[in-house]
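Here is a short briefing to read with the model open beside you. Take the points in any order you like.

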Amino acid sequence: MIKSYFVRESLLHDSGPSHPESAERARTLRALLTGMEKEGTAKMIEPHPSRDLSLFRLAHDPAYIDFLERHDNRLPIDLDPDTRLSSGSLDAMRGIAGAINMINLEKDRSQPVFLVARPPGHHARRRAGMGFCLVNTAATQAMSLLQSDPTLRIAIYDFDVHHGNGTEEILGALPGTLYISTHQYPFYPGTGSGRENRTGPDGDGILDIPLPQGTNDDVYSRTLQETILPRLASFAPDILLVSAGFDGHRDDPLGGFLLTEKIYRHIGEQIALTLPGVFIVSILEGGYNLLALKKSVRSYMEGLNR
Ligand SMILES: [Zn+2]
């Protein structure tokens, strides 16, 4: 059964007034996960927060983490027009660090886990937050797993509608890791054209798959079968991290894809089938229409569960 790590402190981060990345997202998913636990289809765990942000120094410039830690809770700071460091942001990040540590210690790696937290992380660069993201959760999870065992082969599959520029910057040059992203292009943040793509001697590297506005379930499914699953299978990771963003849903207010919740079930089923026995750790990224987010997360988790 899929385990979901729900970071309670996520509710404390405030992206700002009328911001699509709101605490309502976490409240909606907490209600979903509580319901799934009652049905017996998921197990929900609320991790203990870490004391500090030091874990994030694995993926970020220590000077940037020092800057975050010095933040005075009473004074919100806008890192860019969309990205706020609010009162409660440090609590949310300590909660995320606690979840990453617990996932690293997970003994039963035959079952998938899903980390539900906010703000999202995949745009956070080595030295700066951007695009709603303060720290890069997926990159930190990868670096932390590698710190425990440097021989691990780690693949990251990012299906958020936006390119994970931060994750690619932090992990893209690291031997033994593979970063795969599908995203709307051209679109925010402007990266991910495919020019950075490379295959290392070991199948590691970067595979950016830019897709046009209007991409639907059929086009996505073909890309999954023809391009993504074969590359994942040949890389043969020990661990698959999924940057699971649901803002490619047709009802999402930010993205321009026309995906439905059905594709997320299909993605879940297909990655589980392609990588049997591989520890699959999914991390929530975007998804801003609450109803679409709830339906898509349920569908994806049910797909992974098979
Ligand atoms: Zn996104």
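A236 counts as partly exposed because 13 C-beta neighbours lie inside 10 Å; the cut-offs are 20 or more other C-beta atoms within 10 Å for buried, 12 or fewer for exposed, and partly exposed in between, with C-beta atoms placed from the backbone. This is a predicted model, in which local features need pLDDT of at least 70 and side-chain atom pairs count only at pLDDT 80 or more, while totals for chains, interfaces and linings use all residues. Residues are numbered from 1 along each chain as its sequence is written. Helices (H or I, at least four residues) and strands (E, at least two) are DSSP runs, numbered from the N terminus.

**Backbone points to look at**

- A236 has a positive phi of about 50 degrees, although A236 is not a glycine, and its place is the loop between α6 (217-235) and β10 (239-244).
- F132 is another residue other than glycine with a positive phi, here near 75 degrees.
- F132 sits in the loop between β5 and α4, and F132 is buried because 28 other C-beta atoms lie within 10 Å.
- The loop between β5 (113-116) and α4 (137-148) also holds P119, and the peptide bond from R118 to P119 is cis, with omega near 0 degrees.
- Y188 and P189 are likewise joined by a cis peptide bond, with omega about 0 degrees; P189 is in the loop between β7 (177-184) and β8 (198-199).

**The sheet and strand β5**

- Nine strands form an open sheet with mixed pairing, in the order β2-β1-β5-β11-β10-β6-β7-β9-β8; two strands pair if DSSP finds at least two bridges between them.
- At the edges are β2 (42-45) and β8, each of which pairs on one side only.
- β5 pairs in the parallel sense with β1 (residues 2-6) over four bridges, and V116 of β5 is the bridge partner of F6.
- β5 also pairs in the parallel sense with β11 (residues 279-284), over three bridges.
- Within that pairing, V281 in β11 is the bridge partner of V113, and L115 stands opposite I283.
- In a regular strand the side chains alternate between the two faces of the sheet.
- In β5, V113 and L115 point one way while F114 and V116 point the other way, and all are buried.

**Helices and their packing**

- α8 (residues 290-305) has 16 residues and spans 22 Å from its first C-alpha to its last, close to the 22 Å expected at 1.5 Å a residue; the expected span is 1.5 Å times one less than the number of residues.
- Buried residues of α8 include A292, L293, V297, Y300 and L304.
- α7 (residues 261-274) and α8 pack at an angle of about 25 degrees with their axes 7 Å apart; axes are lines fitted to C-alpha atoms, for helices over the stretch in contact, and angles run from 0 to 180 degrees between N-to-C directions.
- α7 and α8 are therefore roughly parallel to each other, a term for angles under 35 degrees.
- Among the residues where the two helices meet are Y264, H266 and I267 in α7 and S296, Y300 and M301 in α8; contact requires C-beta atoms, placed from the backbone, to lie within 7 Å.
- α8 lies across β1, β2, β5, β10 and β11, running at about 140 degrees to β1.
- α1 (residues 23-39) lies across β1, β2 and β5, and runs at about 125 degrees to β2.

Terms used:
Parallel < 35°, antiparallel > 145°, perpendicular 65-115°, else oblique.
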